[in-house]
Amino acid sequence: MNPKILIIGACGQIGSELTYKLRSLYGDKNVIASDISYTNLDIVNSGIFEIVDAQDYESVKVCVEKYRIDTVYLMAAMLSATGEKYPMQAWDLNMNSLFHVLNLAKAKFIKKVFWPSSIAIFGSTTPKDNTPQYTIVEPSTVYGITKQTGERWCEYYHKKYAVDVRSLRYPGIISWKTLPGGGTTDYAVDIYHKAVTEKKYECFLKEDTELPMMFMDDAIKATVDIMSSDKADIKIRSSYNLSAISFTPEDVAQSIKAFIPDFEITYKPDSRQEIADSWPKSIDDSQARQDWNWKHKFSLEDITKEMLMQLNEKYKES
């Protein structure tokens, strides 16, 4: 039998593409998209859509019961740069939404939960190169603090109440389908848009700022893979390190110049530089590769080729 899935935060960058992928796998009627508003009309009109406030337990519970949901993907969150502007709102959204879903699972309303963590849990005291699964975790942002705290609660609910919760520490995610959403790694999305529309880009990070990144297709694949794996294969119930490639803004600029020779990049670091400096340069995700056979597909050259091709088409149509 196909799972009955609810995606909370389906209008966001990852949530929207996850919705399309899960509907292609399990059918439109088995995947309910939800968000707090009708901001993404493509998602709203692509299948069953409900308004659900992730911070309201009853709102989530009513939707779960209405559609007899057994699997929840909780994708609603306030990201790093936005969270620094609105710290208490970030804490409330990121933590309350998780508690609501974990408590629904504890009460047996749902059977399985996916909740994304992030490389933002790491801080300046974390080893920067090939950051291990188990290491010093002292985040310096509100977003990172909520993710670190959430990881501890996920593991607690699994051990204490046998909740089948699964999680990935996403690196920076690159996608052509949605616009940047307030994250520190979003330069790696915006730079492609500007390359296509203006042939120049002013980067808010230094040229040599190396960060772990991943193409959206790989991020969606990892999410589907971990959720479809046998329960016994999921050894880590806090959150798995996840990685694909690491690169700098200058690396991206050079890869773009291979396709757009007159592309120009300038650098004007802002407050997001401090956030980026506290994060790892590369991630050791050998545990995920060992436990449930995770493999990434896209290199930087693959990403640049795909991003420029898709965005050229997108801007031609508009």
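Glu 274 counts as exposed, because its relative accessibility is 65%; exposed means over 50% relative accessible area, buried under 20%, and partly exposed in between, with a 1.4 Å probe and protein chains only. This is a predicted model, in which local features need pLDDT of at least 70 and side-chain atom pairs count only at pLDDT 80 or more, while totals for chains, interfaces and linings use all residues. Residues are numbered from 1 along each chain as its sequence is written, and side-chain values use heavy atoms, leaving out hydrogens and water.

Glu 274 is found in helix 10, residues 272-277; helices are DSSP runs of H or I with at least four residues, strands are runs of E with at least two, and both are numbered from the N terminus.

I turn now to the aromatic residues. The whole structure holds 12 aromatic pairs, meaning rings of Phe, Tyr and Trp (its six-membered ring) whose centres lie within 6.5 Å; planes under 30 degrees apart count as stacked, over 60 as edge-to-face and the rest as tilted. Phe 99 and Trp 153 form an edge-to-face pair, 4.9 Å centre to centre with 70° between the planes. Phe 99 lies in helix 5 (residues 87-106) and Trp 153 in helix 6 (residues 142-161), so the pair ties together parts 54 residues apart in sequence. Phe 99 is partly exposed, at 23% relative accessible area, and Trp 153 is partly exposed at 31%.

Finally, the backbone. Lys 199 has a positive phi, near 60°, and lies in the loop between helix 7 (187-197) and strand 10 (200-203).
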